[in-house]
Amino acid sequence: MALSFRICSSPLICRATLSNGDNSRNHHAIDAAFIRRAADLAEMSAGLTSPHPNFGCVIATSSGKVAGEGYLYAQGTKPAEALAVEAAGEFSRGSTAYLNMEPGDCHGDHTAVSALVQAGIERVVVGIRHPLQHLRGSAIRELRSQGIEVNVLGEDFESKILEDARKSCLLVNAPLIHRACSQVPFSVLKYAMTLDGKIAASSGHAAWISSKLSRTRVFELRGGSDAVIVGGNTVRQDDPRLTARHGQGHTPTRIVMTQSLDLPEEANLWDVSEVSTIVVTQRGARKSFQKYLASKGVEVVEFDMLNPREVMEYFHLRGYLSILWECGGTLAASAISSSVIHKVVAFVAPKIIGGSKAPSPVGDLGMVEMTQALNLIDVCYEQVGPDMLVSGYLQPIPDLLPVIPSEDATVEIDPSVDPFEPSIIFFYKTWDLYGSFSNFSPHPIRMPCGGENDDYMTWSSVEHYYQANKFVGVENPMAHDCVEKIRTARSPEEAALIGRSTLRQKPELVRNDWEDVKIEVMYKALKCKFSTYPHLKSILLSTVGSVLVEASPHDLFWGGGREGEGLNYLGRLLMQLRSEYLGESSVSAENTSSA
Ligand SMILES: NC(=O)C1=CN([C@@H]2O[C@H](COP(=O)(O)OP(=O)(O)OC[C@H]3O[C@@H](n4cnc5c(N)ncnc54)[C@H](OP(=O)(O)O)[C@@H]3O)[C@@H](O)[C@H]2O)C=CC1
Ligand SMILES: Nc1c(N[C@@H]2O[C@H](COP(=O)(O)O)[C@@H](O)[C@H]2O)[nH]c(=O)[nH]c1=O
């Protein structure tokens, strides 16, 4: 899929022609228009890859013309700001950069901050600060320390028009903000209902209520989510596939929530050749069926208390940002009552089915008077083919300012808090605290390819290098192609997908000694990464005394597993590397003192 960044001629964006009197109002209008454009750009990666923090950037010249634009395609790919200054070329010098959100990583040569500084940007306007506490404020501080003027909406100046622009920045990263504030993923309840409020006929038949066009929109919604969830009854009634069939984009994990585990032996969701399925159930439910599902490649996770909140907290820990609920009314009511649903998306079809027993979108919430009804916020109406799409929020997007203080502010409030000192340090998603320990972190390394080819090459991440090494040195042109495909994959995620699926589908392309050498391959790559980036080495050394655990619940070799049952080889290798660095620094300290 091609990345699009182009010089835009949006009608919103005009040249700045300011008279003295209306200077500040016009400045605000121009800043607001460019920030809204940055937020629109940020949304462009939705559905292309797994959900991640969304970044967009517009470079505007002093005469108010767009010189370059960019957006983050996937986690671990070139920052939006770097793409935008590349597109703007020489026009970047002296220009203003508009960012929907403060960048995360600000250390090193390939970050958003370094791209803006090196391009000679004079002013940066930021829609919102980064919502994650460990990243909040760092990039802004760094840009200011480099002499760039930085204005943050809502902090440096306020007006209605800027407030609206700021809101578009909150909306485009609503999942991240909710995740940061509430420790559950952002959840959207989506349903299709007839004009008389039914989601199926009284027989349970529901195919179809909404039009084909509306259902294509649902595929897009799925593509922009980490997972789609339904209840056991929907599996029994509909035998759904829950795939995103809108093109080549991201496909979410399918989750089934069932207390009874009384599910059919044959179901579309048990075909995991394209997408995985996770069944969450009550501890001890139908052990033999659990085994059967496991034999089909379906992951089963047992809960002591199976309820929507526990399940969402669990998926938060697994790094999920956004979940689409496509369940029926019983589970929807339970999820709303547990306050885990943030947004509702309803397709209303101009059909009437009737039936006093036909199910409706939300079951019993225990309310008896209309005054108790939940009022949606920021409601939108859109016609999709013959249907009406009504969407809105059940909970306001938290106001970041008071809710999430920066790390510096936290230390001021409670000096005993040291976020870098728990005895076990978990890491997993690249944008979380210690995310730079992940193999998916966007830190390119230069390493020889291995095999007969000893030329040094650039690998966009440790994951690219590791996955490619599975096929290095194999005398088969398809293996060579595979190495090249992985090396040039647009994101670590894509590199992993190619590496893992080729290993499964064409095991003959995998080198014979792979199982014997894979740990060494990983160690070399990690060593290269941490030696190349001094700030990463410092973070690694700051963890001395703590056990490092990759919090991957499903990778039981490199990760720690859900309940500590994983071998955690990635954590172990990082600790081994840390000891090596410590040994080196104590030897060099000894040498200095004896010199
Ligand atoms: N038009 C539309 O948009 C949609 C329509 N439908 C229709 O809705 C009907 C099914 O509705 P419904 O039974 O409500 O839907 P679901 O199956 O989606 O949800 C209910 C099931 O969820 C499981 N569950 C697990 N934990 C809980 C919990 N804490 N609270 C509630 N349920 C829990 C149970 O499964 P178990 O019994 O296995 O333990 C329960 O039977 C079908 O006719 C289907 O066609 C469904 C989805 C969307
Ligand atoms: N009936 C109905 C929906 N039903 C939802 O879609 C699921 C089927 O998805 P799939 O098997 O992937 O096509 C089904 O189980 C239920 O969750 N959705 C809609 O947009 N419109 C509709 O009219």
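A residue counts as near a molecule or strand if its C-beta atom, placed from the backbone, lies within 6 Å of it. This report applies that criterion to a predicted model, in which local features need pLDDT of at least 70, side-chain atom pairs count only at pLDDT 80 or more, and totals for chains, interfaces and linings use all residues. Residues are numbered from 1 along each chain as its sequence is written, while chains are lettered from A and ligands numbered from 1 in the order in which they are written.

**Ligand surroundings**

Around ligand 2 there are 18 residues, of which Ala192, Ile209, Asp238, Pro240 and Glu326 come nearest. Two elements, helix H7 (212-223) and H8, each give two or more residues to this shell; helices (H or I, at least four residues) and strands (E, at least two) are DSSP runs, numbered from the N terminus. H7 provides the largest share, three residues.

Ligand 1 is surrounded by 29 residues, and the closest are Gly231, Gly232, Asn233, Cys327 and Gly328. At least two residues of its shell come from each of strand E6 (186-194), strand E7 (227-231), helix H8 (232-238), strand E8 (253-258) and helix H11 (329-337). With five residues, H8 gives the most to the shell around ligand 1.

**The open sheet**

Five strands, in the order E2-E1-E3-E4-E5, form an open sheet of mixed pairing; two strands pair if DSSP finds at least two bridges between them. Strand E2 (66-71) and strand E5 (149-152) stand at the edges with a single partner strand each, so one side of each has no neighbour in the sheet. Strand E3 (residues 96-101) and strand E4 (residues 123-128) pair in the parallel sense over five bridges, and the bridge partner of Met101 in E4 is Ile128.

Of the eight residues of strand E13 (residues 377-384), zero are buried (20 or more other C-beta atoms within 10 Å of a residue's own, all placed from the backbone), so the strand lies largely in the open. E13 pairs with strand E14 (residues 387-393) in the antiparallel sense over six bridges, and Tyr381 stands opposite Val390 in E14. Two residues lie between the strands of this hairpin, where Gly385 takes a positive phi near 55°.

Terms used: Buried ≥ 20, exposed ≤ 12 C-beta atoms within 10 Å, placed from the backbone.
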